[in-house]
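The following note sets out numbered comments on the structure shown below.

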Amino acid sequence: MLFRSNAERVAKHLVALTMFLESDPERAYWHGQSAAFRAGRIAIVRERAGIAALNFKKFQEAQKELRAAQRISGSPSVIPYLAQCELALGNPRKTLEIAGSVDPKVLSSAERVELRLAAAGARSALGQHDAAVVTLTCSELAQSRSEEHTSELQSRFGISYAVFC
């Protein structure tokens, strides 16, 4: 439990983190670090700090924060982000191991998409390009066809989303 004044500061940092996550990743990262410093035993704070670190490409820091969040909460919601960290740190086999360790039914739709993106990236890094395409054929991506997923696929793989649909 946090004192009220500390809780209010942590909340402000989390709001700022969310506000700057896409537009100013460095600023979001520092808000995440401040929030984690003030409330390091609260899982959602560590998770958000980890996601901000991942977005700012501080992969080892992200991994540390996300593992802490998972230990505190026991929630599988950070697993897709941990898989992304492993991929970014050059461990595609570990990424696939993580992706295979979780039942997709316990993840939200967005988390399943993130996990598939990480697994496809791992397959691609291992030279298994056909398997990467198969990994990306899922109902979440086929149904949504959202702008977010399109840009994510283009930035990660340099290919058009239309190839997968």
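1. Basis of the note. This is a predicted model, in which local features need pLDDT of at least 70 and side-chain atom pairs count only at pLDDT 80 or more, while totals for chains, interfaces and linings use all residues. Residues are numbered from 1 along each chain as its sequence is written, and side-chain values use heavy atoms, with hydrogens and water left out.

2. The Lys64 and Glu61 pair. A salt bridge is taken here as a side-chain nitrogen of Lys or Arg within 4 Å of a carboxyl oxygen of Asp or Glu. Lys64 and Glu61 form such a bridge, with an N to O distance of 3.4 Å. Both residues belong to helix H4 and sit three residues apart, about one turn of the helix; helices are DSSP runs (H or I, at least four residues), numbered from the N terminus. Lys64 is partly exposed, at 46% relative accessibility. On this scale, buried means under 20% relative accessible area, exposed means over 50%, and partly exposed lies in between (1.4 Å probe, protein chains only).

3. The largest nonpolar core. A nonpolar core is a set of buried Ala, Val, Leu, Ile, Met, Phe, Trp, Tyr and Cys residues joined through side-chain atoms within 4.5 Å. The largest has 17 residues, of which Leu21, Ala28, Ala62 and Leu66 touch the most other members. Two or more residues each come from helix H1 (4-20), helix H2 (25-38), H3, H4 and helix H5 (79-88). H3 gives the largest share, four residues.

4. Leu66 and the second core. Contact means heavy atoms within 4.5 Å. Beyond its neighbours within four places in sequence, Leu66 is in contact with Glu47, Gly50, Ile51, Val78, Tyr81, Leu82 and Cys85. A second, separate core of nine residues includes Ala83, Ala99, Val102 and Leu107.

5. Ala83. This residue is placed in helix H5 and is buried, at 0% relative accessibility. Not counting residues up to four places away in sequence, Ala83 touches Thr95, Ile98, Leu115 and Ala118. Its C-alpha atom is separated by 9.1 Å from that of Gln63, 20 residues apart along the chain.

6. Aromatic rings. Rings of Phe, Tyr and Trp (its six-membered ring) pair if their centres lie within 6.5 Å; planes under 30 degrees apart count as stacked, over 60 as edge-to-face and the rest as tilted. The whole structure holds two aromatic pairs. In one of them, Tyr29 and Trp30 are edge-to-face, at 4.9 Å centre to centre and 70 degrees between the planes. Tyr29 is buried, at 7% relative accessibility, whereas Trp30 is partly exposed, at 48%. Tyr29, Trp30 and Phe56 form one aromatic cluster.
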